[in-house]
Amino acid sequence: AKQNRIASFKKAQSRATTAQGDFRRSILFQDSRAGNSSENLKDIIISLTRDDLLELHEKYFKAENIIVTLFGDLSLDEAKELAEDLQDNIPDGKIEDTKTFDQISKLDDTYINQYDFEQVNIEIATPAPPLNSKERVTMELIKTILSGARGRLHQAVRGKNNLAYYAFPRYANSENFGQFRLTSQTSIDKKDELIDVLKEQLNLLMREKVTIEEINSAAEEGEKMLRAMLNDNSLPYYITYYESIGLGYDYIDKITEISKKVTPAQIKDTANKYFNNKAIIVSEPNDEIELMVK
């Protein structure tokens, strides 16, 4: 396992996105655990001993309750027997430790990292609603409005301006944490214009109300994109995930209806609450890089 981790780390060093990810974490999370670089994480893992693993297993491999999803040609009795067998083999009990949560810094500045790659990686990061927030559904809908070939980001960076091959939003959340990011990649000559276009897409959501037609279209498109990822292997994962976070195993069947209840005012209010502070994180070629594209 350690050899695999070292090999994966070395392979990742040839990718510009790895360097960008390390830089982004160092800016957003600074000296916290979440700010660790890929090299630091590799060093932590390869320093672990067998005794360390046994201690970690004994301390943390516990569950007060579990959700077992079985998918396939099984009778109910067979499924219950398998589920009970799994539960019997997972130690029951509460983890005795203090929870710590990632917190994204509320930054409103531009941060530049010069590296040994030609492409320019750009991310705009903002705080976002945590998992149990009433604004989570609204932020999910904002992500869908910006996503996809017919989404606002694609139209802004490719359909109109030819600034980048791709641009997409990410929304991550957990119990006490939320983060929203726009991600793109371009050449050095288009960097500044692309940053302005990405920022403007967030500003438009803060400044103007989205139409009901766009909300309905995005809600339906979001379900289509989700269902396109479903198969016999992925469906159990999704229904288990949604059940575990309290949305219900049948959330996929309700997601469009729930999204269509979001109002234009809610989208504008949520955008103004979270998009005011934008950390613009850029990795660009240093002076030693000979550009192939000029």
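The legends below describe close-up views of a predicted model.

Residues are numbered from 1 along each chain as its sequence is written, and side-chain values use heavy atoms, with hydrogens and water left out. Local features need pLDDT of at least 70 and side-chain atom pairs count only at pLDDT 80 or more, whereas totals for chains, interfaces and linings use all residues.

**View 1**
Strand β4 covers residues 177–186; strands (E, at least two residues) and helices (H or I, at least four) are DSSP runs, numbered from the N terminus. Two strands count as paired if DSSP finds at least two bridges between them. Strand β2 (residues 120–127) runs antiparallel to β4 and is joined to β4 by eight bridges, with E123 opposite T183. Strand β3 (residues 167–174) is also antiparallel to β4, again with eight bridges; here P169 has L182 as its bridge partner. Two residues lie between β3 and β4, which form a hairpin. Nine of the ten residues of β4 are buried, so the strand is largely enclosed by the rest of the structure. Buried means under 20% relative accessible area, exposed over 50%, and partly exposed in between (1.4 Å probe, protein chains only).

**View 1. The nonpolar cores.**
A nonpolar core is a set of buried Ala, Val, Leu, Ile, Met, Phe, Trp, Tyr and Cys residues joined through side-chain atoms within 4.5 Å. The largest core has 46 residues, of which F180, L198, I267 and F275 touch the most other members. Helix α8 (residues 191–207) gives the most to this core, with seven residues. A second, separate core has twelve residues, including L28, I104, F177 and I281.

Contact means heavy atoms within 4.5 Å. Apart from neighbours within four places in sequence, I267 is in contact with T138, L141, I142, I145, L205, V210, I215 and V262. In helix α12 (residues 264–274), the buried residues are P264, I267, T270, A271 and Y274. These residues cover an arc of only 135° around the axis, which puts them on the same side of α12; the arc is that of the directions from the helix axis to the C-beta atoms. Among the elements that cover the buried residues of α12 are β2, α6, α8 and α9. Exposed residues D269 and K273 sit on the face of α12 turned away from its buried side.

A salt bridge is a side-chain nitrogen of Lys or Arg within 4 Å of a carboxyl oxygen of Asp or Glu; a search of the whole structure finds 19. R25 forms one with D22, with the closest N and O atoms 2.5 Å apart. R25 and D22 are three residues apart in helix α2 (residues 16–28), so about one helical turn separates them. D22 counts as buried because its relative accessibility is 17%. E123 forms a salt bridge with R24, the closest N and O atoms being 2.9 Å apart. Because E123 lies in strand β2 and R24 in helix α2, the pair ties together parts that are 99 residues apart in sequence. Both E123 and R24 are buried.

**View 2. The salt bridge between E221 and R150.**
The closest N and O atoms of the salt bridge between E221 and R150 are 2.5 Å apart. E221 lies in helix α9 (residues 212–228) and R150 in the loop between α6 (136–146) and α7 (152–159), so the pair ties together parts that are 71 residues apart in sequence. E221 counts as partly exposed at 24% relative accessibility, while R150 counts as exposed at 66%.
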